[in-house]
Amino acid sequence: MTVARILAVKGRDVFITQPHRTLQETVRLLAHKGIGALVVTGADGAVLGVICERDILRALAEYGAAALDDSVSRHMTKEVFTTTGGACIHDIMERMTHSRFRHVLVVEDERLSGLISIGDVVKHRIAEIETEHRALRDYIATA
């Protein structure tokens with residue numbers, strides 16, 4: 001199974017923010033959309049990084065509530081892992097687990113085409129296991 005299959009099911013919508021926005025604005029947007037991360041883009045649409053709940057919690061732990069007035073660019077993760085739609089889900093899952101990150105940007109032809117989270121990957125894996133389980137039960141029942 002590939003990353004493209006997950007995107008086909010969940011969609012390719014990616015919520016973005018700009019580097020000059022405050023962490024307070026980011027918190028509101030994350031809460032409003034019910035998501036855990038935003039892609040940070042420049043005026044030209046280029047990906048500059050990702051700001052996620054963990055980044056915000058680290059900022060609050062280090063600087064207190066005053067960090068909410070800081071810009072996203074100060075606390076975002078600048079080095080992000082990207083993949084393509086053709087990547088194998090098992091490889092992505094292993095990389096996410098090993099490197100301890102929860103979001104992967106999907107890039108095609110040097111353009112952002114989606115984002116998958118560890119939750120998307122786990123949901124896919126559970127569905128895959130349930131399908132295998134049903135197939136085995138059906139096979140045993142007919143044997």
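**Close-up 1. Arg-74, a partly exposed residue, and its partner Asp-70.** In this predicted model, Arg-74 has a relative accessible area of 46%, so it counts as partly exposed. Its side chain meets that of Asp-70 in a salt bridge, with 3.1 Å from N to O. Asp-70 itself is buried, at 15% relative accessibility.

**Close-up 2. Glu-128 and Arg-125 in helix 6.** Let us move on to helix 6, which spans residues 118–142. Glu-128 and Arg-125 lie three residues apart in this helix, so about one helical turn separates them. The two form a salt bridge whose closest N and O atoms are 2.5 Å apart. Glu-128 is buried, with a relative accessible area of 18%, while Arg-125 is partly exposed at 25%.

**Close-up 3. The salt bridge of Glu-25 and Arg-21.** Here the side chains of Glu-25 and Arg-21 meet, with 3.7 Å from N to O. Glu-25 is partly exposed, at 35% relative accessible area, and Arg-21 is partly exposed too, at 31%. This pair is one of six salt bridges counted in the model.

Close-up 4. Finally, have a look at Ile-16, Val-47 and Leu-112, which together make a nonpolar surface patch of about 200 Å². Ile-16 sits in strand 1, made up of residues 16–17. With a relative accessibility of 40%, Ile-16 counts as partly exposed.

Terms used:
Residues are numbered from 1 along each chain as its sequence is written. This is a predicted model: local features need pLDDT of at least 70, side-chain atom pairs count only at pLDDT 80 or more; totals for chains, interfaces and linings use all residues. Side-chain values use heavy atoms; hydrogens and water are left out. Patches are made of residues with over 30% relative accessible area and no salt bridge: like charges are joined within 9 Å, nonpolar side chains (Val, Leu, Ile, Met, Phe, Trp, Tyr) within 5 Å. Accessible areas come from the Shrake-Rupley method with a 1.4 Å probe; for residues, only the protein chains shown count as cover. A salt bridge is a side-chain nitrogen of Lys or Arg within 4 Å of a carboxyl oxygen of Asp or Glu. Helices (H or I, at least four residues) and strands (E, at least two) are DSSP runs, numbered from the N terminus. Buried means under 20% relative accessible area, exposed over 50%, partly exposed in between (1.4 Å probe, protein chains only).
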